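Dear colleague,

Please find below the structure that I am handing over to you. My findings follow it, and I would be grateful if you would read them alongside the display.

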Amino acid sequence: MNPKISQFLNANQLTTPCLIVDIDQIEQNYQQLHHAIPNADIYYAVKANPALSILNKLISLNSFFDAASWEEIQSCLNAGAKPSQISFGNTIKKVSAIQAAYQANIELYAFDTIEELHKLAKHAPATKVYCRLAVDNIGADWPLSGKFGTTVEHAIELLLEAKKIGLCPYGVSFHVGSQQTNPHAYVNAIEKSALVFNALADHDILLEMINLGGGFPIHYHKDVPEINQFATTIQNSLTQCFGDDMPRIILEPGRYLVGNAGVVSTEIIQSSQRGKMNGPRWIYLDIGRFGGLAETEGEAIRYPIITMYDGSTTGPVILAGPSCDGVDVLYQETSYHLPLQLTAGDRIALLNTGAYVSTYCSTCFNGFTPLEEHYI
Ligand SMILES: *Cc1c(COP(=O)(O)O)cnc(C)c1O
């Protein structure tokens, strides 16, 4: 485990469940990505973890921000980000949110439908807009495809229309799916983007920006390619597609910046052999699907677990949350083996829980207090 977090856990008798996040680790991750792809501007995907301490640290590093809502934009502005550092990256926005963002001088907006484009032309006139492309999410443990993006042909039409209605067609974006483990996913998407650039150039519209989205993976239960492998693959593809006419490159990492900086400490409520003598052993934790571990749906994201008895005899377990909901089972198909000694009252640690945990926590389902957060 991260030594700083381990020390903090030992030094403090914290109420569980809780999330501890090491801010220095986030700085390291940011610098690592910045060095790997130095020609890109990093827009932190705020939804991964909008904690003020994280925003403050990233502002001190001159990061940009990808916001999904007016509320996230406000959080960034309140933390001290300038409007020019913020992109309104959700392609589906409330009119009131567009109006508020425009009032606040936000300059950059995403879209992928004609309806959104018209909303933007009306409520955020003359701003820079970029069109999200639908791209393959194969290789992603947490895919985002289907709900967002459009085809190359449609994107070309929409960007031409953007110009006609007084907006500034600025570029294209895509998202290859979260926890994307295949660097080549970016290549296909960059090639699609280049098709849009070329078609617009034929109409004398020079797009300026390509937004590669997020997706960079972290190490959960299996090895993933190093960030440098992604960087090399991406740079080669960009060079091949754009040569000397390199557009402005934007990245929108969420998980990569904060995921490995967080640890959840949780108490075992019960460890019991259910039903018959040889039935499976169930371990019920005080955090579950509704307490923030939403990404265990489909057992897609598999958090590594550390216990105080590591090294002793283990056996298979089914892991479940505390609520009275039947879907509140974390891992049943995935083979988790934990020490047989574990019993009610013991605390265990779920690693790599810095992203997509704190905000997924429900407000009070079954009356359970939402997890506490500590940023150190
Ligand atoms: C969620 C999201 C991201 C961040 O994705 P990660 O896989 O966490 O890096 C980036 N861009 C957009 C538009 C998103 O919705």
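The domain bounds used in this message come from an automatic or database domain assignment. On that basis, the protein chain falls into domain 1, covering 23–258, and domain 2, covering 260–375. Their C-alpha centres are 33 Å apart. To the contact between them, domain 1 gives 22 residues and domain 2 gives 19 residues. Please note that this is a predicted model.

I turn now to the ligand.

In the side chain of Tyr-356, an N or O atom is 2.6 Å from an oxygen atom of the ligand. For Arg-255, the atom concerned is a backbone N or O atom, which lies 2.8 Å from an oxygen atom of the ligand. The side chain of His-175 has an N or O atom at 2.9 Å from a ligand oxygen atom.

How much of the ligand does the protein bury? The ligand taken alone exposes 390 Å², and the protein buries 91% of that area.

With kind regards

Key. Residues numbered from 1 in each chain as written. Predicted model: local features only at pLDDT ≥ 70, side-chain atom pairs only at ≥ 80, totals over all residues. Heavy atoms only, no water. Polar contact = N/O pair within 3.5 Å; in protein donor to acceptor, adjacent residues only side chain to side chain. Areas by Shrake-Rupley, 256 points an atom, 1.4 Å probe, with all protein chains shown as cover. Contact = heavy atoms within 4.5 Å.
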